[in-house]
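This report is written for a reader who is meeting the structure for the first time.

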Amino acid sequence: MSTQTDKVRRVTVPQIRARKRGEPIVSLTSYHAHTAAIVDAHADFILVGDSLGMVMHGMESTVSVSLDLMITHGKAVVRGTKQALVVVDMPFGTYEESPGIAFRNAATIMKETGCGAVKLEGGARMAETIRFLTERGIPVMAHIGLTPQSSHIMGGFKTQGRDAESWAGHIADAEAVAEAGAFAVVLEGMVEPLAAKITEKVDIPTIGIGASAECDGQILVLEDMLGMNPWTPKFVRVYAEIGPLIGQAVERYAADVKSRAFPGEDETYS
Ligand code: KIV
């Protein structure tokens, strides 16, 4: 019989925050209950990223992702997990307009999904909003560097910080979100020396994606590291080629069906 004391406690926001310069933080994205349950055993936090627009729904970019979609997938991931902190992305158009609108939408995400924090993109320009949310009980993970929701402005997905003149802006972004109360900051698509400089300067954990091993933790899109996406960024190490495995399994299944080598009625449902 299970008791209260058997309960696995989820990783908390302060525990992630306290890992600055400590044991590296392990995180992955996940969008549904079953994969989240597998990731849960190994990750400190799981991000329900708006990359789900492309990975799960075949969208062109994250710009089309809606609040409802994030809530649907956020609920599934919370249901499938016991241990990791679950962070849900705020989709484009749900937080930029004003701190008040951001609060309303972030509160809806937290109430409906049961997640422990939200993530939003933007540095200094989002500092006021980050402060507004954190002062009202909503933990915020920030996301700077390459910010996919602004890819139309940025002219695509380009590594940030190749020119030293741009460093001051990225460093100011990191300092602004840390000062505003973000508990961690994702550094996406950034040259290593800039990621190292930001990691050294700010007192919140930096979580890198395509930003080198200098960060306090790392995140990858699960389907990228499982070899399931048709295109994978160059920096991603593929740990298993699940895509081709699925193709082989489906091919064998199709062959079984066509040759009628398929279980009969008496063999169904054990
Ligand atoms: O949406 C996402 O998956 C993300 C990660 C790439 C950090 O924001």
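## The shell around the ligand

The residues of the shell around the ligand comprise 3 nonpolar, 4 polar and 4 charged ones; here Ala, Val, Leu, Ile, Met, Phe, Trp, Tyr, Cys and Pro count as nonpolar, Asp, Glu, Lys and Arg as charged, and the others, Gly among them, as polar. The shell consists of T29, L47, G49, D50, S51, D89, K119, H143, E188, I209 and V221, a residue being near a molecule if one of its heavy atoms lies within 4 Å of it.

The model is predicted: local features need pLDDT of at least 70, side-chain atom pairs count only at pLDDT 80 or more, and totals for chains, interfaces and linings use all residues. Residues are numbered from 1 along each chain as its sequence is written, and side-chain values use heavy atoms, with hydrogens and water left out.

## Contacts and cover of the ligand

A polar side-chain atom of S51 is 2.5 Å from an oxygen atom of the ligand, and for a polar side-chain atom of D50 the distance to a ligand oxygen is 3.0 Å. In the side chain of D89, an N or O atom lies 3.2 Å from an oxygen atom of the ligand. Of the 260 Å² of accessible area that the ligand has on its own, the protein covers 95%; such areas come from the Shrake-Rupley method with a 1.4 Å probe, and for residues only the protein chains shown count as cover.

The ligand sits in the largest pocket. On a 1 Å grid over the protein atoms alone, a pocket is an open set of points where a 1.4 Å probe fits, with protein on both sides within 12 Å along at least five of seven lines. A molecule sits in a pocket if more than half of its atoms lie within 2 Å of its grid points.

## Buried strand residues

K119 belongs to strand β4, residues 117-121; strands (E, at least two residues) and helices (H or I, at least four) are DSSP runs numbered from the N terminus. K119 counts as buried because its relative accessibility is 2%, where buried means under 20% relative accessible area, exposed over 50%, and partly exposed in between (1.4 Å probe, protein chains only). The side chains of K119 and D89 make a polar contact of 2.8 Å, that is, a pair of N or O atoms within 3.5 Å; within protein, one must be able to donate a hydrogen and the other to accept it, and residues adjacent in sequence count only if both atoms are side-chain atoms.

T206 lies in strand β7, residues 206-209, and is buried, at 0% relative accessibility. Its side chain is joined to that of T199 by a polar contact of 2.8 Å.

## Residues with positive phi

Most residues other than glycine have a negative phi. R21, which is not a glycine, has a positive phi of about 60°. R21 is placed in the loop between α1 (13-17) and β1 (25-29) and counts as exposed, at 55% relative accessibility.

R260 is also not a glycine and has a positive phi of about 60°. R260 lies in the segment after α11 (242-258), and its relative accessible area of 74% makes it exposed.

Definitions and conventions: 1 Å grid on protein atoms, 1.4 Å probe; cavity = no way out; pocket = protein on both sides within 12 Å on 5 of 7 lines; lining within 4 Å.
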